[in-house]
Each structure stands twice: as C-alpha cells, then as structure tokens.
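I opened the notebook to look up helix packing, a few loops and some backbone angles. The entries follow in the order I made them.

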Amino acid sequence: MQLLQIIENANLKPNIQDKIKNIFSSGSIDFNRRFLTLTEEDKENIVKISPLINQNIYFLIDRLYEHLMKFEETKNILLEKPERIEHLRNMQMGYFKELFSLKYDEDYLASRLNLGLTHLNVNIPTNLFMSSYSYLLSLLIDFIKEELPKHNFSHSEILNIINSMQKIANLDMTLVIRAYYSKEINEKERLSGDFIKRLSKIAEFRDENTGAHIERMSLYCMTTAKYLGYNHDFQMNILEASPMHDIGKISIPDYVLLKPAKLTDDEFEIMKTHTMKGFDILSNSDSEIMKLGAEIALSHHERYDGSGYPRGLKGESIPISGRICIIGDIFDALTNKRVYKSAYPIEESLGIMKNEMGRGNYFDPVIFDVFIKALDEIIAIRSRYMNF
Ligand SMILES: [Fe+2]
Ligand SMILES: [Fe+2]
C-alpha cells in the first residue's frame, strides 16, 4: 500500500498527517540522518545473513508466536480472533523480509507506518508491543549465534553482524513506534479539539442558541490566515483557538447578554469584560492553542485605530490573531440574525464593514483586503454551514 493511502485511511487530522508525512517520506532529513548511520560494512553484513533469515523465516515466526502465546495478555489478544493469526503471521513475515532486504525506500516506510498503526488498531498496548519487538531481536541474535558458526563465520564476524542487525532493528523499531504514537497523539488532539468546541458552545448557546457562529467564524479565520500566507501550523492553531473568542461571555449576566436592544453605557461596560474574563479562563496554559485562544479572547474587539477594547491597542500592537478574528467575527455577526438585529446580505455587510466601520478604522486594512480576496472561499464556507 502507498504511504499516502495509508495516511489517508488512518483518518488523521491534517497537522498530524503532515507530521507523519514528514517522518515517513524518504526525502525527509530525519530519515536520511537516521539511515545514514548504516555504514557500508553494516550493509554487507546484512547481505550476508538475509538469505539465511529468508530460508528460516517460518521457524523464526513460529518461535515468535510460541513466545507470544506464553503470556496471558498476548495470548488473549491473539485468541480473541484466531482467524486473524494467519493474517498477522503473513504480515510479520513480509515485515521480516523487508527489514533484511536493504531497500529502505518509500515502500518500506509505508509498511512500517502500517505496522505501527495495525498494532494500535488491534489494541496491542505499548509495553507488549515493545517487549515482543525486543524478544524478536534476541531471537534473531540467538539464531545467528547458533547458525553462523555452521557456515564458517568467525567469532568476530558474528559479533559484527549482530551489531549491524541491532542497528537496523533499532531504526526499524523507532519508525514503528513513531507511527504508533502519531495515531495516539492524533486521538488526543482530536479529543482536545472536540473539547474546545464543546466548551466554546456553552458560551455560544447562551448567546445565540447555535454553535454555527463559531464553526463559520473559525473557518473564516483559518482561510484569512491562509490567504495572508501563514503556514499550515498557524492556520490549524487559529482554527482551533478562535472558537474560544467569546468564552468569557459565560460570565455576562443574561439581562445584558440577551438584551434585544441597544445596551446602556453601564451595560456595555459589563459586556466589555468578556474579553478579560475569556483571557482569565484560557491563560497560563502550556498548550499553544490555549495560549492563542487567550490572546484572541483578549484582543478580538481591539480596533486598528485604537478605539476598541479592553486595552485600546492600536495598529500592529494588536496581535495578528486578534486583527484576523475581528474581521471573521463581525462578518459573521452581520450576515446572520442576532437577538438585536436581522441578517444583512453579504454585499451590504461588506459595505457596512468597509464604509461605516471603516476598512482602516475597525480593521487592519491589509487583512481586510486579503479577506475580500478570499471572499469566494468565505462564501463557500458560509453556505456549507448555513443550517448547522
Ligand atoms: Fe466578543
Ligand atoms: Fe463572536
């Protein structure tokens, strides 16, 4: 199976997909650095033993499975679906052959990725995974120690061969373990992303009875970041962090938050505090996404000309995340119904933003222009999430 296909089938988040592609593509620096540690002598040593390994592959696999069946945990996993054993054995044989084939190319990397993901998918815990791998290595060493003297290899040659074999086995194990953990990290990230969205919806539900605003607004922010030329990581971070922009509204009393009319000055002062409350909730976290979320919560009502709140920051002193989010947030507020207003059509909304609010007053004019450039994509997102 091709590397990209395996990555696609694994149903990973885009940023994890990128990380895996990076680790498992033969062009990556990481791969070269790791595999360059194999010397010509190592390669010659592997060539010397690979026919012997291939001839005895059934014997080796049998020993491995005998060993696995000795332990309750592995035995239970294997016997849970006995029809799977034959398939696993065949796969294992393929992996064995590849390891000693010295073709450490794209296909090899793809199969290592598959190996790691398969172990995770059949719920093999890391400790079992690692200990079986170590057992496999000691099995190979014992086998070589016993067999090679029969083929007139000297003691020092045998030690050299074992050394080279340990090297490729370690490299191999590193790759497989990285595949295993990439998927685990993916699940954790998926969970935390899901958690962030649900948390943000709590504030959103009180406010507008829908979570669609944060879905659309965060996609607008990501798209704007993309058109501004920010890298994939930043685009993903702003996508995850921006839904939390109004999380501080959880602290705003209903008579202010749900008032279907213009707020009095006092009420507006209360409303303004949602930025600082949001910052309080999200700050002091080690997570990059939470840090960005805190920055956005605090700065998404700052205006380019300094007339915004809570700090009245001006121009470039407003974090870029805040300057991006204010545009997506206001565009979505204008183009949808709110308790205090009906929805405006897109053209009219953009007119209000450009002329009444002011391209360079509320907004960073450069980012505003980029948002207009991205309008086709923005409208496509809007129509996709209209009835969310
Ligand atoms: Fe807000
Ligand atoms: Fe909002």
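Is S251 buried, partly exposed or exposed? I counted 16 C-beta neighbours inside 10 Å, so S251 counts as partly exposed. My cut-offs: buried means 20 or more other C-beta atoms within 10 Å of the residue's own, exposed means 12 or fewer, and partly exposed lies in between, with C-beta atoms placed from the backbone.

A note on the source: this is a predicted model, in which local features need pLDDT of at least 70 and side-chain atom pairs count only at pLDDT 80 or more, while totals for chains, interfaces and linings use all residues. Residues are numbered from 1 along each chain as its sequence is written, and chains are lettered from A and ligands numbered from 1 in the order in which they are written.

**S251, continued.** I placed S251 in the loop between α12 (232-241) and α13 (254-257). Helices here are DSSP runs (H or I, at least four residues), numbered from the N terminus. Leaving aside neighbours within four places in sequence, I found S251 in contact with H274 and K277. Contact means C-beta atoms, placed from the backbone, within 7 Å. I also checked S251 against P345, 94 residues along the chain: their C-alpha atoms are separated by 32 Å.

**Helix α11.** I took α11 as residues 212-227 and tested its length. The expected span is 1.5 Å times one less than the number of residues. I then looked at burial: 13 of the 16 residues of α11 are buried, and the helix is mostly covered. After α11 comes G229, with a positive phi near 95 degrees.

**α11 against α17.** The axes of α11 and α17 are 9 Å apart, at an angle of about 135 degrees. Axes are lines fitted to C-alpha atoms, for helices over the stretch in contact, and angles run from 0 to 180 degrees between N-to-C directions. The pair α11 and α17 is therefore oblique. The classes are: under 35 degrees roughly parallel, over 145 roughly antiparallel, 65 to 115 roughly perpendicular, the rest oblique. I noted the crossing of α11 and α17 as right-handed. Right-handed means that the near helix is turned clockwise from the far one by less than a right angle; anticlockwise is left-handed. On the α11 side the contact includes H213, R216 and Y220, and on the α17 side it includes I324, D329 and D332. By class, this contact of α11 with α17 has eight nonpolar, three polar and three charged residues. Ala, Val, Leu, Ile, Met, Phe, Trp, Tyr, Cys and Pro count as nonpolar, Asp, Glu, Lys and Arg as charged, and the others, Gly among them, as polar.

**α17 against α18.** I next took α17 (residues 320-334) with α18 (residues 346-362): their axes come within 11 Å and cross at roughly 155 degrees. α17 and α18 are therefore roughly antiparallel. Their crossing is right-handed. I326, I330, F331 and L334 of α17 meet S349, I352, M353 and Y362 of α18. The residues of that contact are seven nonpolar, one polar and no charged.

N152 has a positive phi of about 65 degrees and is not a glycine. N152 has 7 C-beta neighbours inside 10 Å, so I logged it as exposed. N284 likewise has a positive phi, about 60 degrees, without being a glycine. I found N284 in the loop between α15 (274-282) and α16. Last, the peptide bond from Y309 to P310 is cis, with omega near 5 degrees.

Notes: Helix = DSSP H or I, 4+ residues; strand = E, 2+ residues; numbered from the N terminus. Contact = placed C-beta atoms within 7 Å.
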